[in-house]
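Hi there,

Here is the structure I promised to pass on to you. Have a look at it first, and then read my notes below.

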Amino acid sequence: MRETQKSWTARARKPSRLAAALLVCGAVALPWLGELAVSAPSETNQNMPGLADTPGIKPSLPVMDRALNGGTLKTEQGLAVLDSDVLLKLYVYAYSGQPVDYSAVLTENTENIDPPKPVQASATQKQEIDRLIQAAKAHPDVLIKVSDIALDAYDKADQAYPIDNRLFIKGADYYFDNSPFHYFYASPGSFRKLHCTNAQTIATLDSAIVNYEHFSMDIVGHVSGSVAKDKALSIDLRKITLKDTVGGVLITQASGS
């Protein structure tokens, strides 16, 4: 699922597993999430920017940090914050068992015709990378933060808000840059609708949707493995929390609910 930029990015670099069907809309090359899965805008959101409902497409996100943080993993409430291309690469290595390519971890992937000169890791950087890989193995539960989420109108029959965007499409790949490393959600189907029966929350959301306001979302997942040949990290969705523009919680939905 995929900022002007150099910010925490996932860019659409190559077709997702939805391949031919999605290519009809054209490939997109952007930055946090450059996801390729492109769905047609709904009636409610048809005036929204084309990638408004994909993770990481706005410059409001923090600038992508390529630093290794001394080998220390960033965590929130026990969850590893998955927010950069470097960390995604390390998670793929941690769960694939592949030999670590230290240069690939540190060299930025860009869209430039002339690729950047490969970065050679120092002994200290190798130690920091090794520590982060061990930390990733010890923290399979991850937190992914996305912004600029557009919702469609409330479906009274389902008592839910459809998420008709590129966030939770089965088989779609998500990127933080133009590298081959990406992640995908193993079973995203149950999160295509945000269930809500609270009248006050519904009124708040309906008002925001009518005014074309967007939301942010915290996505909690569990790393279930890695597909080595595809450089892909598999994540099982566990919980999502929809928030308003100031961080207030609107809807929390867990898998199976």
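Please keep in mind that this is a predicted model.

Let's begin with Phe168, which is buried, with a relative accessible area of 1%. Phe191 is buried too, at 0% relative accessibility. The cut-off for buried is under 20% relative accessible area.

Now for the aromatic rings: the structure has nine aromatic pairs. In one of them, Phe168 and Phe191 form a tilted pair, with 6.1 Å from centre to centre and 50° between the planes. Phe168 belongs to the loop between strand 4 (160-162) and strand 5 (182-185), while Phe191 belongs to the loop between strand 5 and strand 6 (193-195), so their pairing ties together parts that lie 23 residues apart in sequence. Another pair joins Phe176 and Tyr183: the ring centres are 6.0 Å apart and the planes stand at 40°, so this pair is tilted. Both Phe176 and Tyr183 are buried.

Finally, the helices. Helix 2 (residues 85-96) packs against helix 4 (residues 123-138) at an angle of about 65°, and their axes are 9 Å apart. That makes the two helices roughly perpendicular. The crossing of helix 2 and helix 4 is right-handed. On the helix 2 side, the contacts come from Leu90, Tyr91, Tyr93, Ala94 and Tyr95, which meet Ile129, Leu132, Ile133, Ala136 and Lys137 of helix 4.

Happy exploring!

Terms used. Residues numbered from 1 in each chain as written. Predicted model: local features only at pLDDT ≥ 70, side-chain atom pairs only at ≥ 80, totals over all residues. Heavy atoms only, no water. Phe/Tyr/Trp six-rings, centres within 6.5 Å; stacked < 30°, edge-to-face > 60°. Helix = DSSP H or I, 4+ residues; strand = E, 2+ residues; numbered from the N terminus. Buried < 20%, exposed > 50% of the residue type's maximum accessible area, 1.4 Å probe, protein only. Axes fitted to C-alpha atoms, helices over the stretch in contact; angles between N-to-C directions. Parallel < 35°, antiparallel > 145°, perpendicular 65-115°, else oblique. Left-handed = near helix turned anticlockwise from the far one by under 90°. Contact = heavy atoms within 4.5 Å.
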